[in-house]
Amino acid sequence: MKGVFRVKGIRNTLGFIGLTLALLCASAAQAGVTGRIAGTVIDGSTNEPIVGASVSIVGTELGGVTDFEGKYFILRVEVGAHEMKISSVGFATLSVKNIVVSTDKTTNYDASLQMATTKLEGVTVTAERPLVERGRDLSVSTVTAAEIKNLPTRGYEQVVQLQTGVVTFRQSSGNRARGGREGTNSPELNIRGGRPSSVAYLVDGFSQQDPLSGLSTTSINNNAIEEVSIITGGFPAEYGFVSAAIINTITKSGGENYSGSAEIVTDNVLGDKGFNQNIGALSFGGPVPFFENATFYVSGERNYFGDRSPSPITGEAINGIVNLRGDKQLPNNSQNGWTFQGKTKIKLSSNLSLQIGGNASRDRWQRYSHAQLFNSAHNRRYDDQNFGFHTRLTHTLSPSTFYTLAGAYFRTERETGDGVFWNDLASYTNDVFTGDPTSGNVDLNLFYNPGSTVGGYLRRISTYKQGKGDITSRTKSGHLFKAGFDVQQHVLRRFNHIIPFNVASKTDSAAQWQDANYYGFNGKGVEGDFGGRDAAKKPISISLYVQDKYDWNGMILTAGIRYDYFDYKTKQFVDPNNPLGTTGDNTLDAVDLVDAKTISDFSPRLGVAFPLDEITSMHFSFGKFFKRPDLDKLYTGFNYFEYKTVNAGYYFPVGNPNLEPERTTAYEMGITRRISGFAAIDVTAFYKDITNLIQVVSQPATPKSFEIYQNGDFATIKGLEVGLRMRRVHAVRFEAKYTLSSATGTGSFAGTQRNVAWTSANAPIQASALSYDQRHTLVGTFDVRDFGGNSSILKDFGVSTVFKFSSGTPYTPSVVYNENSLAAVSPEANAPVNSVYGATNMVIDLKADKTFKIFGAKLNAYVWVQNVLDTKNAIFVYESTGDPDNTGWLTTAPGQTFADATQNPDALFANQNGTELSNLRANDPTNFSNPRIILFGMNFFF
């Protein structure tokens, strides 16, 4: 039974369809996963258009016929490289290989057919990606699997770091962080001046973010990536809840022939000179056995890093003070993880197809803290888990119209706590100086004592169910129309015991758990649906959009509008000034709460692409973007709030269900020009105005004031991006990308004003450089391979080099103080906020590889060198001095007093005296990025 499954396959087909529809009925920024091919076919001898020429995509039933102007347009083409055939009566058939199609983009290919002769029955050519994309009306970078394979990178995040407008910002792992988010396993990405959670992370068009924190911890096997698409401006109306960038990773789905790979990467070849970094990956795909018209692709990766983020000063700073493996590996800074991806595509009939996919990953890691040097076994430990599943049904109604229906489920979970006691809160102790200090000698507390327990235990679980659909149609008049909907329901659970030492130290069972802020768990951290006011939060969102793309006399106009509706599904205070009411009973009663309001908004978008001639194209875009806040800024356990607002004490901000969405108005204008037959330059200017950003403030209230999140911050971002791209000429391919930008605002993070809120002070509203304002970045990629020709021993040999330069990020100069004290201190600024910039960074990465043929298969052996020149790059400096390894405190009178009083060696801290301990504490390895790392890899594939 051709076109469906063989024999019993029909039963399975109906089951798959039923599952899809069930998910849709069950009910972020979402993205398409297909592209388009368009162009004009002419007579090579007369340059006249050929009417009725047949254009088809080999291996599919996709195709079209040219119109009276010789134009064709093919919708719903899968991402990747394709072969296209063009034929017409009286002309030789043209086969075009390597037509590369990218997500949501139109690939243009104009063809010239030659008259058929007995000697010329067919012609085969290889297409190249156009240097000037005539219809591009937004800022988008696309990196294909072939390009990723050669780059000295691994994973989609490192690919994104090579694009314009991207700042890889690392927060300090010590006590000097200024209001950032939860710890992350890799540097956060700030794109075009946006806060980290303003970036949407998608896999195959479905969100991979935790809506509570805005973090994405999903990992993808490098060999499973078909394409990474990065949109940084001009988002079409189909994208919502995003304002900085959209990163959409498309995974592979298998082909007509079986293929697979087995890869291993390690630096253990170097023995103790390495950092014990190891990766193993497997992948396999092809036609599904016993089924017609079905393909699959599965892949997995396993990794273990003894030191997941090495430092160039580890050996000189702490070797001999504590025992290190290989004299340079940070202790208890490991990572142990795995990832899995799978996708099946089934052609149910000539016009109906089904895709089923899923991905999962888990990373268990520890984070080195220099303050824990003598207590590193207790370094904070993290367990990040992700699981996603989706189905997508595509029905082609005609060559010009198709629609899709999709359903998805995603779950992300994080657990973090002490590296030894983990989630056994009864074992947490508080018999030594530890936790979040609110008192103590500001001068003496430099390191945590051996045996100290890391304060704070967190577990959060977020899930969503999603149903969405869209219809795309191209009219005879040239309009490309698209409309769609998206419905999501989240289930959010969070348990955060701020002072878990109380579980072990307090005898009153009720008091032990009072410092636990929770919803979706009970008061002792057990997950479940317990009902009541601290039940799991279940917000819903509904989105509708419509957009049209029209070629009007060579000018391509894209206009759209999006409607978003969000219901927080929670309660808010009737009177924030008297949150417990006016009766004086100090209890939060039902009458003190009212339903939180719903949020909705319209977001118009406009894009214009204007080809000036065959080698030059301009574009302009305007849009208003609506982004909901990170939901952990909305919600707080009401039982915890009742306790906290009566007893006050330590700093802890409360969620605010009245928060408005962040709103961004963005403009950009750019021009692309081909400057030779193999090179083009692209220049884009952008401007963004962001309002309603979240900031923590002090809320005066009875009986006690409390800290709460409010809308109040704003930011202005502007910049210029310049890109030079040279396609491969002979053996060489080159790209250079430069960004000049300015990001200013009143707060870099939602917790920037935490010290002000803690002390109930009033913060002046003053714009300054944001903490991730990096004025200059330059990335150059140079790839040379197959030089010397087919007869040379250098055949199938290549070298790819990436050069990265970035100027420093800003900080606020302060009066010299003991910046490394574990006690709670506030710096005294001696200059405007973020008015001085830190050190510049420069790094060169390299990958050299050689491919060998082995019994019909291939083996690619390579060496991957990170930071080839072993440059010592400072990524954090002390506010007192601007240096990464000196606070200047010992030169002050209090510092001298400390040195005089602590001349005797301290047996608790490796027999170091006070001066030695202060210098040791200041020489923090995490203030620097990675040293030279040499990895060796082998990838066997067929």
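Me: How far apart do the centres of the positive and negative side chains lie in the chain?

Reply: This is a predicted model, and the value is computed from it. The chain carries 87 positive and 88 negative side chains. The distance between the centres of these two sets is 6 Å.

Me: What radius of gyration does the chain have, and what does the globule rule give for 942 residues?

Reply: The secondary structure consists of 10 helices and 45 strands. For 942 residues the globule rule gives 30 Å, and the chain comes close to that, so it is as compact as a globular protein of that length. The C-alpha trace spans about 100 × 70 × 55 Å along the principal axes. The radius of gyration is 29 Å, against 30 Å from the rule.

Me: What percentage of the residues in the chain is buried?

Reply: A residue is taken as buried when its relative accessible area is under 20%. Of the 942 residues, the buried share is 55%.

Me: Which strands stand at the edges of the open sheet of five strands?

Reply: The strand order in this sheet is β10-β15-β16-β13-β14, and the pairing is mixed. Each edge strand has a single partner, so one of its sides is left without a neighbour in the sheet. The edge strands are β10 (139–144) and β14 (206–207).

Me: Which residue in β16 is the bridge partner of E227?

Reply: Strands β15 (residues 225–233) and β16 (residues 245–251) run antiparallel and are joined by six bridges. In β16, the partner of E227 is I250.

Key: Residues numbered from 1 in each chain as written. Predicted model: local features only at pLDDT ≥ 70, side-chain atom pairs only at ≥ 80, totals over all residues. Heavy atoms only, no water. Helix = DSSP H or I, 4+ residues; strand = E, 2+ residues; numbered from the N terminus. Rg over C-alpha atoms; globule rule 2.2 N^0.38 Å. Buried < 20%, exposed > 50% of the residue type's maximum accessible area, 1.4 Å probe, protein only. Lys, Arg positive; Asp, Glu negative; His and termini not counted. Charge placed at Lys NZ, Arg CZ, Asp CG, Glu CD. Pairing = 2+ DSSP bridges.
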